[in-house]
Amino acid sequence: MRERPAYNVAAMTCTMLGRCWLAVLLWAAIFAAAQEPARPRAREMGVRIGVLPPGTLNAITDVPGVLVGQATVIRGDNIRTGVTAILPHGGNLFREKVPGAVFIGNAFGKLAGSTQVNELGEIETPILLTCTLCVPRAADALIDYMLAMPGNEDVRSVNPLVGETNDGYLSDIRLRPISRDDVFVAIQRARGGPVEEGSVGAGTGTVAFGFKGGIGTASRKLPQSLGGYTVGVLVQSNFGGVLTIAGAPVGKELGRYYLRNETSMDKPRSGGGPNEASRREDANGSCMIIVATDAPLDARNLKRLGARAIMGLARTGSSASNGSGDFVIAFSTATALRIAPEHAADARQVTLLGNEAMSPLFEATIEATEEAIINSLFKATPVTGNGHTVEALPLDKTREILRAHRLVE
């Protein structure tokens, strides 16, 4: 007769209770997170940047036809990354290319597809944002997506446009975790309407000004007397400097800014290497900026628009460091300017805005870029990954600073 195994009832009870308590704590954390009020955007806190009014959504999707989709990739304790897709329109972009240009603020980056865009002045695929070492895989998946589109059966050359920032602090970037499915999901989720901001999509693992960065967006609408055009901006913020919000030195007053240890009277006494805080305050990083407009602009003036986006980046306190890849991709959604391959050799007659009409659009771009970056910080939530934790911008303290500078009530 086989003996029945002996059970340590006390040990089993402790193990079961431990698992139960772990489950309870996990569900409590999830419930608490669900109950936390959503972090406000800058304008919802009362911050007013610039003089022009925003569009209805204060987002890049205020520009007619523009769609945004995102895939957030979180795996285990070491992957915090994703893909953000921006579509100038919902059709076949290879068959209906849009005027586009790339402006480079600092070229420490791996922006795929930029040379052809600047040579031809055309964008022929969705624009993807992802992590630095994920660019080749994302570009390959984007080629798959374009070749599979109905009408592209005979296409033998596609220029995938993929930008990046380095999220290696919070995510194990060496694993190059973005897959073909992630890219397809981001594109297929592309919609008009409100855009999710903060620690999502390509902004899941980014850091800005020592705080959690991410995806941010904003827009500006010109008055009818100036054409009534809309400019929308979306950013992937992952850079450093001295955070400035509507002119207020927020980063300095919070005590977290680039070169703090080198310039502060209260220098750290440790003689060791840089600590976690100083690493987060490093000015290196990158910022991808996407500018969309319905104004009828050619590639030359779109590139000029892109140059003004860098001015908006500067207003937020960016140090534009040696290791910061600051790129702007600008495009026009004006339907009359779309370019069909079968008519590429034909003479065209189009209506374009002249140079003298650009100044209001420049102002709109500067303002929308500045606010999009601030929104990326306001909406971002804390993220732990790859052995590090990055906290979100403390909004209560930020509000106090802005109130002291009479920028909010």
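Strand β5 (residues 127–131) and strand β6 run parallel and are joined by five bridges. Strands here are DSSP runs of E with at least two residues, helices are runs of H or I with at least four, and both are numbered from the N terminus. Two strands pair if DSSP finds at least two bridges between them. One of the residues involved is Thr130, whose bridge partner in β6 is Glu164.

The model is predicted, so local features need pLDDT of at least 70 and side-chain atom pairs count only at pLDDT 80 or more, while totals for chains, interfaces and linings use all residues. Residues are numbered from 1 along each chain as its sequence is written, and side-chain values use heavy atoms, with hydrogens and water left out.

β5 and β6 belong to an open sheet of four strands, ordered β1-β2-β5-β6, with mixed pairing. β1 (67–75) and β6 (161–165) each have a single partner strand and stand at the edges, so one side of each has no neighbour in the sheet. On average, neighbouring strands of this sheet are turned by 15° against each other, direction ignored.

Two helices pack on this sheet. Helix α3 touches β5 and β6, and its direction makes about 155° with that of β6. Helix α4 touches β1, β2 (79–87) and β5, and its direction makes about 145° with that of β1. Contact means heavy atoms within 4.5 Å. Axes are lines fitted to C-alpha atoms, for helices over the stretch in contact, and angles run from 0 to 180 degrees between N-to-C directions.

Next come the aromatic rings. A search of the whole structure finds two aromatic pairs. Rings of Phe, Tyr and Trp (its six-membered ring) pair if their centres lie within 6.5 Å; planes under 30 degrees apart count as stacked, over 60 as edge-to-face and the rest as tilted. Tyr145 and Phe184 form an edge-to-face pair, 5.5 Å centre to centre with 85° between the planes. This pair links helix α3 (residues 135–147), which holds Tyr145, to helix α4 (residues 180–188), which holds Phe184, and the two residues are 39 residues apart. Both Tyr145 and Phe184 are buried, where buried means under 20% relative accessible area, exposed over 50% and partly exposed in between (1.4 Å probe, protein chains only).

Phe209 and Phe239 have ring centres 4.9 Å apart and planes at 70°, so this pair is edge-to-face. Phe209 counts as buried at 2% relative accessibility, and Phe239 counts as buried at 1%.
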